[in-house]
Amino acid sequence: MNKDEMPRAPGLYDYSPSIDRPKITWPNGARVAFWVAPNIEYYEYDPPQSPGRRPWPKPHPDVIPYSHRDYGNRAGFYRMMEAMAKYGVRGSVSLNVAVCQHHPEIIEACKELDWEFFSHGIYNTRYTYQMEEEMERAMMVDVIKTIKDCTGQNTDGWLAPALSYTTNTFELLAEYGVKYTCDLFHDDQPQPVKVNSGKLISVPYSLEMNDTVVLTMLGKSMRHYADILKTNFDQLYAEGADNGQVMCIPLHPFLIGQPHRIGAFAEVLDYITSHDKVWVTTGREIAAHYYEHHYDNVVAALAGNSAKKRDA
Amino acid sequence: MSLPNDYATNYPKRGHGMDHDRYAWSQLHERPAITWPNGARVALWVVTQLQWFPLDMKPGVPVPAGMARPYPDYWDYTLRDYGNRIGVYRIFKVLDKLGIRTSVAMNSALAEMYPYLVDQVNQRGYELIANGLDMGHPHYGGMDRGEEAARIKEVLETLRGMSGQAVRGWLSPIRSESKHTPDLVAAQGIDYLCDWANDDMPYGFETASGTIHNMPHAMELDDQQILINLRHTEQEYVDQLKDQFDCLYAEAEQRGGRIMAINLNPWVTGQAYRIKALEEALSYIAGRSGVWSATGSEILDAFKAS
């Protein structure tokens, strides 16, 4: 894709109405693949400016938003981790990989619990907006190497730092062997992503279930957030009887790890994991299962539909 | 800037009635009672919006739920598109279960991109309402008249050609008009506008091509307005729909048929955690006697015949 163009549609996926698509199944007849994605982040104290976004609203130092986020690493993370461990939920960490250098203690704690690490860029204050291709490549190479060196894991998943992109992003991810992206919010099932070479899928990251979106952007209370999570799960669990669904809870330890929130969150984990037909899993495992059992069928079905359903 | 000397007191149109000629002054409570088919008390008009928010949108006026982040904003783009893939079918399932029909207001660019949706509207016997080109192209005061006329013509040709329907209703994207919009849509054979938020019933609307009507399309009872803009809870949304219905249902006994209009955005109400709220509210309404589920055109025709 020529990056000078500004396409009107992403061109990354085909139209696929929920009422007319192949059936997805999960291991052991599960209806919902459920995963939790804590964003373990490092926000720089005095980050460089980007033309796409101002990192902090106030002139340096912007103490409150900086320190609020730092709370997540100092206090919130451990509380969140204990709640997840209690209910047997392994995290799929959306990692600003500079945490490997700043706070290796957190990485070690996650490794001990067999958590997955996937990329959330280097810092959450370095945006992909307007990066030239070589710069975006350098960022990806750094991320993949850092995760490998620090955790021994491959970078199978990607959530762009602060959800910032270029029109090259998905093509490059496929080229570097990333298997799934969390950056497309158009569906409750994994979907093939159209790239020129290699393979890429989207795994639902359930952005509307993100604690930042619900608690901060929409200003909901924690108890209301807990109701939203349970109601969302109930609906997908019902629909999953016909066609397997995915639900993710994307988290930020600085929000969910607050003492006044963790109790209601633990109740949600208790509620969801107490269902029979739920597969409590990770992003990597969902992607692997989908590639093995469903990817080819879905691609073939979409190709068969292409005359009727044009590109998005 | 200093004010003109007569700023406070000079307005030549100061007098009885409206300060424009688009419609006549009329109070709801003074009008003759309207009768709906089969003696129904309340006509239930559900409008489902199917819209495309283009990745490169640079609208002439701000569009809520547009691309709020730098290009390419996959975040907003794909969350809106979720409604067209998943959310709309959750809504249709609820409507089917309760025996409720809907008018579907569609951007013509979305119809061209996802013709499957047009087929769904036709197969289900729903009415298609024109909702402009796409959400990146709201109409607005000061836009070029020739450009607007050409766009309206193109939108209606596309939707009429693809659906085979007459397409009698017009809803402007974000309900935003230029001063010419009513004239231009009427010139293309539109019978009713859905933009103006000033009544509970249809009323005559004057255009250069004669009198058309404005229908009481829900502005306050819009899921995006309540749940996104005002950030009310799902339960508060349910309560508002029920309260609106209770008032209209009671009024209908004294003052004639009323219209309960509900506007749905599939990317809002079609979310897995919100669909139950919609079902609760619609079950409450559909469960009462004397509720007539109808399309905008059916309601307008019954209004004119009454």
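A crossing of two helices is called left-handed if the near helix is turned anticlockwise from the far one by less than a right angle, and right-handed if clockwise. The model shown is predicted, and local features need pLDDT of at least 70, side-chain atom pairs count only at pLDDT 80 or more, and totals for chains, interfaces and linings use all residues. Residues are numbered from 1 along each chain as its sequence is written, while chains are lettered from A and ligands numbered from 1 in the order in which they are written.

**View 1. Helices α7(B) and α9(B) cross in the right-handed sense.** Helices (H or I, at least four residues) and strands (E, at least two) are DSSP runs, numbered from the N terminus. The axes of α7 (residues 234–255) and α9 (residues 275–286) of chain B come within 9 Å and cross at roughly 15°, which makes α7(B) roughly parallel to α9(B) (angles under 35 degrees count as roughly parallel, over 145 as roughly antiparallel, 65 to 115 as roughly perpendicular and the rest as oblique). Axes are lines fitted to C-alpha atoms, for helices over the stretch in contact, and angles run from 0 to 180 degrees between N-to-C directions. Residues that meet across this pair include Y237(B), L241(B) and F245(B) in α7(B) and A281(B), Y284(B) and I285(B) in α9(B), where contact requires C-beta atoms, placed from the backbone, to lie within 7 Å.

**View 2. Strand β1(B) is covered on both faces.** Nine of the nine residues of β1(B) (residues 42–50) are buried, that is, 20 or more other C-beta atoms lie within 10 Å of their own, whereas 12 or fewer would count as exposed and values in between as partly exposed, with C-beta atoms placed from the backbone. V42(B), L44(B), V46(B), T48(B) and L50(B) lie on one side, and A43(B), W45(B), V47(B) and Q49(B) on the other.

**View 3. β1(B) runs parallel to β8(B) and to β2(B).** Strands pair if DSSP finds at least two bridges between them; seven bridges join β1(B) to β8(B) (residues 258–264), with V46(B) opposite I262(B), and five join β1(B) to β2(B) (residues 102–106), with Q49(B) opposite A105(B).

**View 4. Chain B touches chain A.** The contact takes 27 residues from chain B and 36 residues from chain A. The largest share of the chain B side, 10 residues, comes from α1(B).

Technical notes
Contact = placed C-beta atoms within 7 Å.
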